[in-house]
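Work through the exercises below with the sequence and the model in view. Each task is followed by a solution in steps.

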Amino acid sequence: MINLMVFDHDMTIVDSSYALMASFNYVARHEGLPEVSHELTMKYIATPLPTFCEGLLGDYRPEWVKIYREATAIYERDLIRPFDDTIPTMKALHERGIKLAVLSNREYPRTVLERTGLAQYFDEIVGALEPYGKLPYKPNPAMLNELLSHMHIPASETVYVGDADIDIVTAEAAHVRSIGITKGNFTHEDFKQMGAWKSIDTLTELKDIADADNKSAH
């Protein structure tokens with residue numbers, strides 16, 4: 001039975017790729033470096049910030065983080081958009097009585113979710129610094145374990161949906177079933193090899209998965 005669906009944020013429920021590209025290009029212009037393409041941005045999406053910098057800008061310097069964060073405050077407000085299937089799917093899952101949450105490596109994900117109008121659809125929003133204080137980043141399962149504890153829902157009744165390998169690893173470490181979504185860099189075969197419970201191309205497929213799983217539980 002599925003009583004709780006937890007979602008990664010970037011490239012799972014929102015397209016943040018253009019905001020990321022614009023933010024890194026802001027750093028590139030500031031440092032006199034070549035600007036980066038959307039294709040290159042997608043190649044490194046869902047990787048840690050140092051890896052992202054090295055892949056897109058050829059190096060990682062701590063002072064660039066401040067410049068990058070200045071840019072995200074500008075571009076995320078205008079360029080992060082929910083995927084077309086996000087809101088209809090959240091409404092459909094809510095109608096089925098399923099609790100919904102977001103769990104992201106962003107430190108303060110609620111701010112972005114409020115800007116995009118998505119915060120209202122989730123019962124809980126968890127980041128590395130909110131609302132439980134500082135917790136280790138994924139793939140450490142601490143954030144997910146804390147969420148389950150606060151929501152009083154067992155891992156066996158929870159599913160975690162994400163676009164990257166760290167999402168699958170996080171779910172497995174918390175003994176939660178995982179669903180990979182192919183909106184990022186990973187394919188159905190990739191997710192299968194990672195040990196994901198299921199993989200999907202669109203969020204709309206979650207309705208049928210929830211219906212089938214909850215029916216089989218009765």
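**Exercise 1.** Find the helix that holds Met-90, and state which residues Met-90 touches beyond four places in sequence.

Step 1. Met-90 lies in helix α5; helices (H or I, at least four residues) and strands (E, at least two) are DSSP runs, numbered from the N terminus. The model is predicted: local features need pLDDT of at least 70, side-chain atom pairs count only at pLDDT 80 or more, and totals for chains, interfaces and linings use all residues. Residues are numbered from 1 along each chain as its sequence is written, and side-chain values use heavy atoms, with hydrogens and water left out.

Step 2. Met-90 has a relative accessibility of 1% and counts as buried. Buried means under 20% relative accessible area, exposed over 50%, and partly exposed in between (1.4 Å probe, protein chains only).

Step 3. Setting aside residues up to four places away in sequence, Met-90 touches Phe-7, Ile-13, Leu-100, Tyr-121, Phe-122 and Leu-203. Contact means heavy atoms within 4.5 Å.

**Exercise 2.** Describe the largest nonpolar core and name the element that gives the largest share.

Step 1. A nonpolar core is a set of buried Ala, Val, Leu, Ile, Met, Phe, Trp, Tyr and Cys residues joined through side-chain atoms within 4.5 Å. The largest one has 28 residues, and Met-5, Phe-7, Ile-13, Phe-122 and Leu-206 touch the most other members.

Step 2. Two or more residues come from each of β1 (4-7), α5 (86-95), β4 (99-103), α6 (109-115), β6 (158-162), β7 (177-181) and α10 (205-216).

Step 3. The largest share, three residues, is that of α10.

Step 4. As background, nonpolar side chains in soluble globular proteins tend to be buried together.

**Exercise 3.** Which residues of helix α8 are buried, and what covers them?

Step 1. Helix α8 spans residues 165-173, and its buried residues are Asp-167, Ile-168, Thr-170 and Ala-171.

Step 2. These residues lie on the same side of α8, because they cover an arc of only 160° around the axis. The arc is that of the directions from the helix axis to the C-beta atoms.

Step 3. Their cover includes α7 (142-151), β6, β7 and α9 (188-194).

Step 4. Just after α8, His-175 takes a positive phi of about 60°.

**Exercise 4.** Compare the salt bridge of Glu-76 and Arg-106 with that of Glu-114 and Arg-110.

Step 1. A salt bridge is a side-chain nitrogen of Lys or Arg within 4 Å of a carboxyl oxygen of Asp or Glu. By this rule there are ten salt bridges.

Step 2. In the pair of Glu-76 and Arg-106, the closest N and O atoms are 2.8 Å apart. This pair links distant parts of the chain, with Glu-76 in helix α4 (residues 62-79) and Arg-106 in the loop between β4 and α6, 30 residues apart. Glu-76 and Arg-106 are both buried.

Step 3. The side chains of Glu-114 and Arg-110 meet at 3.8 Å, N to O. Glu-114 and Arg-110 are four residues apart in helix α6, so about one helical turn separates them. Arg-110 is partly exposed, at 33% relative accessible area.

Step 4. Elsewhere, salt bridges that share partners join Asp-8, Lys-138 and Asp-167 into one network.
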